[in-house]
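Dear colleague,

Please find below the structure that I am handing over to you. My findings follow it.

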Amino acid sequence: MELINNDDDTWTLSKVSELEHLMLSRLPESADSTGCEEAGNRLFPSPISPEADLDNEKKSSADSDWKEYIEPELRVEFMDSLKIVADDLGKAQIAKDEEANCYEFNIPTAHADHWCSALNQARIVIHYRYDLPDEDGVLDMDPNPEKWMATLQSEIYGTLMEFLIKKVLWVA
Amino acid sequence: MLIEGSNVEIETSPVAEVEVLDQVTQPWQVMILNDPVNLMSFVTLILRRIFGYSEEKATDLMLEVHHEGSAIVWTGEREKAELYVQQLQTHQLYAVMEPID
């Protein structure tokens with residue numbers, strides 16, 4: 001993958017291999033935490049520290065207020081980012097490389113934050129759904145092929161996030 | 001107790017008044033807890049963006065989260081702490097808050 005600045009407030013993600021394209025096309029569905037309670041709890045945690053010195057009544061009241069007023073806002077923001085990314089991904093084009101078919105698509109600079117949000121949501125859900133190890137960059141040949149693919153998928157998302165953070169979003 | 005700017009007088013016991021005053025004035029701290037997924041660069045970026053911290057300070061806090069399991073990133077009144085926790089959670093950081101004794 002390569003991220004190129006087009007100087008018109010867009011970036012082109014080019015040299016996207018078929019495997020990377022396949023993984024990226026799974027991004028919106030991979031970010032769905034339905035059926036994975038741990039991922040849901042991590043994406044929408046209580047606002048109160050587990051160590052907070054608060055009685056149960058106050059903690060419970062803060063939690064229920066958060067669930068009623070804040071969590072729906074978070075859900076809308078997360079969903080908006082996923083829709084924007086799905087739309088960008090839908091515009092991917094096949095670009096003939098010397099050796100194999102590659103894909104490329106544009107990411108408007110204004111969408112970079114949405115991309116990071118979507119990639120991060122998916123990484124969190126994948127981590128808990130497949131019970132991935134906590135260490136970074138662990139890509140052992142797990143005997144479970146689904147888990148191995150999930151690790152690879154998460155690594156690809158992490159790589160693209162690093163590109164976006166360092167090239168697009170980082171301000172010196 | 002007479003509410004400021006109002007003629008309404010509410011009868012409260014001294015104990016209740018102290019408790020309400022404590023709740024209003026008690027400072028809260030916003031913390032980020034370590035999680036195995038968020039990229040270090042992403043945590044640093046979000047800390048810089050939300051709190052306006054320098055790259056050096058944001059990096060130090062991110063490393064504290066990474067090595068110590070948590071870091072206090074802001075301290076102040078509850079209402080503002082809630083806003084910061086919401087902003088941090090919008091970026092999927094594992095942000096929580098707690099009152100300071």
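Leaving aside its neighbours within four places in sequence, with which residues is B:Met62 in contact? Please keep in mind while looking for them that this is a predicted model. The residues are B:Met40, B:Val43, B:Thr44 and B:Leu47, once the neighbours within four places in sequence have been set aside. B:Met62 itself belongs to helix H3 of chain B, which covers residues 55-68. Its relative accessibility is 7%. Because buried means under 20% relative accessible area, B:Met62 counts as buried. From the C-alpha atom of B:Met62 to that of B:Trp28 the separation is 20 Å, and the two residues lie 34 residues apart along the chain.

Two other strands of chain B pair with S1(B). Strand S2 (residues 70-76) is joined to S1(B) by six bridges, and the two run antiparallel. Within this pairing, B:Leu33 has B:Ser70 as its bridge partner. Strand S3 (residues 95-99) is joined to S1(B) by five bridges, again in an antiparallel arrangement. Here B:Val96 of S3(B) stands opposite B:Met31.

I turn now to the interface between the two chains. The size of an interface is often given as the accessible area lost when the parts come together. For chain A and chain B, this area is about 2900 Å², and 57% of it is on carbon and sulfur atoms. In chain A, the residues that lose the most area to chain B are A:Arg42, A:Trp66 and A:Trp170, which together account for 20% of what that side buries. Counted by residues, 39 of chain A are in contact with 33 of chain B.

There are two salt bridges between chain A and chain B. In a salt bridge of 3.6 Å, N to O, the side chain of A:Arg42 meets that of B:Asp35. On the side of chain A that touches chain B, at least two residues each come from helix H3 (37-43), helix H4 (56-90), helix H5 (112-129) and helix H6 (145-169). H5(A) gives the most to that side, with nine residues. By class, the side of chain A that touches chain B holds 21 nonpolar, seven polar and 11 charged residues.

Finally, I draw your attention to the backbone of chain A. Most residues other than glycine have a negative phi. What is the phi of A:Asp7, which is not a glycine? The value is positive, about 60°. A:Asp7 lies in the loop between strand S1 (2-5) and strand S2 (10-16) of chain A. Its relative accessible area is 72%, so A:Asp7 is exposed. A:Asp9 is also placed in the loop between S1 and S2 of chain A, and its phi, near 65°, is positive in a residue other than glycine. A:Asp9 is exposed, with a relative accessible area of 60%.

With kind regards

How values were computed:
Residues are numbered from 1 along each chain as its sequence is written. Chains are lettered from A and ligands numbered from 1 in the order in which they are written. This is a predicted model: local features need pLDDT of at least 70, side-chain atom pairs count only at pLDDT 80 or more; totals for chains, interfaces and linings use all residues. Side-chain values use heavy atoms; hydrogens and water are left out. Two strands pair if DSSP finds at least two bridges between them. Helices (H or I, at least four residues) and strands (E, at least two) are DSSP runs, numbered from the N terminus. Contact means heavy atoms within 4.5 Å. Buried area is the accessible area (1.4 Å probe) that two parts lose on being put together, summed over both. A salt bridge is a side-chain nitrogen of Lys or Arg within 4 Å of a carboxyl oxygen of Asp or Glu. Ala, Val, Leu, Ile, Met, Phe, Trp, Tyr, Cys and Pro count as nonpolar, Asp, Glu, Lys and Arg as charged, and the others, Gly among them, as polar. Buried means under 20% relative accessible area, exposed over 50%, partly exposed in between (1.4 Å probe, protein chains only).
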